[in-house]
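This briefing concerns the packing of helices and the arrangement of aromatic rings. Please keep the structure in view while reading.

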Amino acid sequence: MKFWLKPELLIPLTVWLLARVASHFMGIESQCYGGWTAECWSRWDSGLYLQIAEQGHNLIPCPDWPGAWCGNAGWAPLYPLLIKACTLLGPAPAQSGLWLSQIFFLGLLMVAARLWEVRDFSVRSWLGLIMVGFAPGSIYFQALFPVSMVVFLLMLLHYFLGKEAYLKAGICGFLAVLSYSGGVFLLIGLALWGLMQWIKTKAFPWQLALKTGLVTFVGMLVWWGYDAVATGHWNAMFLIQQKYGHGLHSPLKHFGQHLKLLFGHSWGMKSWVEVQNLVIMVGVLITAAWAVIRRKGDFTAFQVMLIFLFWMFPYSVGMDVSLYRGCALLSPGYSMFRNLHIGWLWAIAIVFFVLWFPMSVLFFQSIII
């Protein structure tokens, strides 16, 4: 009995239940009465993940877009593979995907408790886990998407790197890049962190490079190899994404466009999307400045770097990128705030909680997808 009363188990479980209950009532409030089914918890890309689970990756010429490629190969294969495995036990594919999302949601909260060094039932411990459970984008932890899965793996990667368990971190990175198309940002982050260590210590970080970086990169090779076999094109993901016209642009340019979307139109519920974008952008910049000014250690520098990459790259790619969903990938880095003054933790948790409500309404009303 004492095992289940430990704060590192009881607090994550309680936050998970709170998020489940809160989202249930938000669904009803938003006139989505399907409960915990795909009717309320699936959106556009959810259908693609289910299609991959049933058929695998495909790549076809777009029938109404000459010269462009269509298909489902632009979406990561690991989550659909797990859905297919679960269906062997009986549940329908959609229900299997939702069960997986909930399991990984609870799992990421359990790992977050380790990252936040939860050892008691203090207010600090509760605030840390509430920040993760109700973080921007966290409504997708429960949806028919691989978001909770990739965040769980990124959480584990952070945990193992903090313990210098480089091979275990590499295995998590390997699985993470097979779970979400943004895995390339993780590779960039690992490379930059390795370079920082090399410059600082004058010794090449072989363990980080070989056991973490290389193993993570092998995950990308596996994805490309799978696409080569399934579609005949190793770069099928890139071919599909080309038609969206994505490319690196100045974040200042997009920042201005996002501000215009926020202030250039009459206020409505959808304005909360841009409010959240603005809050996160300011938060990321302040966090980066805080880490530089306070000269935080290597591991905090790595966390800041990943937060910066996972936000700034998608932000700079295009105006149609689903930032409201991708921002959930910043959650593993929030543990760097565990030693902040309790007042700052209260402030961050309240801001996250306030944003969670309108963004949940937008999700259940299919305004964000």
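A helix is here a DSSP run of type H or I with at least four residues, and helices are numbered from the N terminus. The model is predicted.

**Packing of α9 and α14**

- Two packed helices are described by the angle between their axes and the distance between the axes.
- Helix α9 (residues 183–201) and helix α14 (residues 298–317) have axes that come within 9 Å and cross at roughly 145°.
- The crossing of α9 past α14 is right-handed.
- The residues in this contact of α9 with α14 comprise 16 nonpolar, two polar and two charged.

**Aromatic pairs**

- The aromatic pairs number 32.
- Phenylalanine 185 and phenylalanine 310 form an edge-to-face pair, with 5.9 Å centre to centre and 90° between the planes.
- Because phenylalanine 185 lies in helix α9 and phenylalanine 310 in helix α14, the pair ties together parts that are 125 residues apart in sequence.
- Phenylalanine 185 counts as buried at 15% relative accessibility, and phenylalanine 310 is buried with a relative accessible area of 7%.
- Tryptophan 311 and tyrosine 315 form a tilted pair, at 5.5 Å centre to centre and 40° between the planes; both residues are buried.

**Aromatic cluster and charges over rings**

- One aromatic cluster includes Trp41, Tyr49, Tyr140 and Phe363.
- The charged end of arginine 43 sits over the ring of phenylalanine 363, 4.2 Å from its centre.
- Arginine 325 lies over the face of tyrosine 140, at 5.6 Å from the ring centre.

Technical notes. Residues are numbered from 1 along each chain as its sequence is written. This is a predicted model: local features need pLDDT of at least 70, side-chain atom pairs count only at pLDDT 80 or more; totals for chains, interfaces and linings use all residues. Side-chain values use heavy atoms; hydrogens and water are left out. Axes are lines fitted to C-alpha atoms, for helices over the stretch in contact, and angles run from 0 to 180 degrees between N-to-C directions. Helices (H or I, at least four residues) and strands (E, at least two) are DSSP runs, numbered from the N terminus. A crossing is left-handed if the near helix is turned anticlockwise from the far one by less than a right angle, and right-handed if clockwise. Ala, Val, Leu, Ile, Met, Phe, Trp, Tyr, Cys and Pro count as nonpolar, Asp, Glu, Lys and Arg as charged, and the others, Gly among them, as polar. Rings of Phe, Tyr and Trp (its six-membered ring) pair if their centres lie within 6.5 Å; planes under 30 degrees apart count as stacked, over 60 as edge-to-face and the rest as tilted. Buried means under 20% relative accessible area, exposed over 50%, partly exposed in between (1.4 Å probe, protein chains only). A charge sits over a ring if NZ of Lys or CZ of Arg is within 6 Å of the ring centre and within 35 degrees of the ring normal.
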